[in-house]
Amino acid sequence: MRVAGIDCGTNSIRLLVADAGADGPAAHDGGAAAERPPRLADVHREMRIVRLGQGVDATGELAPEALERTFAVADDYAATIRSLGAERIRFVATSATRDARNRGVFVDGIRARLGVEPEVVSGDEEAALSFAGAASVLALESGVPVLVVDLGGGSTEFVLGDAQGVRAARSVDIGCVRLTERHLRSDPPTPEQIAAAEADVDAGIEQALATVPLAEARAVIGVAGSVTTLTAHALQLPSYLPERIHGTELPAAQIAAACTSLLEMSHAERAALPYMHPGRVDVIGAGALVWRRILARMGELTDGRIATAVTSEHDILDGIALSALAPESL
């Protein structure tokens, strides 16, 4: 079966058209393989930066120009889906749309273009979809919890789980677009702005701790564009190379150095990097700040046991496409 999944976040809108392929990586359960999740075979994967969440943190509404940009891409995606013959479509919208009073305009516009009802999912469901997408390409073990961190534009999801699925999850409002608009207004940001943003991140981590026992994690997996771009920066890649980024495990100290480097750069310096998408130039500093602080806190919470992080190119978009395989998604 061929399916299409669309992830419409605060900063980007992404499309995955994929075929249901062979079973995914085996989970391990005391030597006996557990049931394997399905694996998707990519047909087409695309990302556009539309900044749907422009100004939402301050105004509580989706801006007309942000809706216009998003609808233009939705028209393109609809044409791609038709040409590739996807049998099912699932469209999921996350943080910015959750927060907007005028989300009905967005829902109506997407329905008219794609012929499906866009789902404005809760933070908990966003977290579960992120974990499912990351787990689909990783060999997790039963009883060995890992923490998946989905660092988005409007929110960040903390999801603890193992081969049996999600144990606990929490979505908190510490995304890279939100924190840039709220605090990091200078180019580059001032120490005072950085301190204010870090205070928000620390508060968000404490919110997550109220629901998710972060100290139980045996490993940390980071997903989404901020994390993958930071990994490219840490590796000093000649261009954005997903095959080099996916599955990379780096020391937290190396990641922190890369985060600090990007946070302190000017927009012009970031734009000159060969792996930097133009739509991330102004917000990657906030993403770096969030990722640096999360990894530092995980080191503290685990008494240094968590000293590395793995990057996955597979995330909520893969989870959305996987969920479209289920009959209940019709």
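I began with the open sheet of 6 strands, which has the order 10-9-8-11-13-12 and mixed pairing; strands here are DSSP runs of E of at least two residues, helices are runs of H or I of at least four, and both are numbered from the N terminus, while two strands pair if DSSP finds at least two bridges between them. I noted strand 10 and strand 12 (249-251) as the edge strands, each pairing on one side only. Neighbouring strands of this sheet are turned by 25° against each other on average, direction ignored, with axes taken as lines fitted to C-alpha atoms, for helices over the stretch in contact, and angles running from 0 to 180 degrees between N-to-C directions.

I kept in mind that this is a predicted model, in which local features need pLDDT of at least 70 and side-chain atom pairs count only at pLDDT 80 or more, whereas totals for chains, interfaces and linings use all residues. Residues are numbered from 1 along each chain as its sequence is written, and side-chain values use heavy atoms, with hydrogens and water left out.

Next I followed the pairings. Strand 9 (residues 156-162) and strand 10 (residues 165-172) are antiparallel over 7 bridges and form a hairpin with 2 residues between them; Glu157 has Ser171 in strand 10 as its bridge partner. Strand 8 (residues 146-151) instead pairs with strand 11 (residues 220-223) in the parallel sense, over 4 bridges, and there I found Val148 bridged to Ile221. Helix 7 (residues 191-209) lies across strand 9 and strand 10, running at about 145° to strand 10.

Of its 51 residues, Leu147, Phe158, Val220, Trp291, Ile294 and Met298 touch the most other members, and helix 12 gives the largest share, 9 residues. A second, separate core of 29 residues includes Val17, Ala63, Val73 and Phe106.

Last, I checked Thr229, which is found in helix 8 (residues 225-235). Thr229 counts as buried because its relative accessibility is 2%, the limits being under 20% relative accessible area for buried, over 50% for exposed and partly exposed in between (1.4 Å probe, protein chains only). A polar atom of the Thr229 side chain lies 2.7 Å from the backbone oxygen of Gly225. Not counting residues up to four places away in sequence, Thr229 touches Tyr240, Tyr275, Met276, Arg280 and Ile284, where contact means heavy atoms within 4.5 Å.

Definitions and conventions. Polar contact = N/O pair within 3.5 Å; in protein donor to acceptor, adjacent residues only side chain to side chain. Core = buried A, V, L, I, M, F, W, Y, C linked by side-chain atoms within 4.5 Å.
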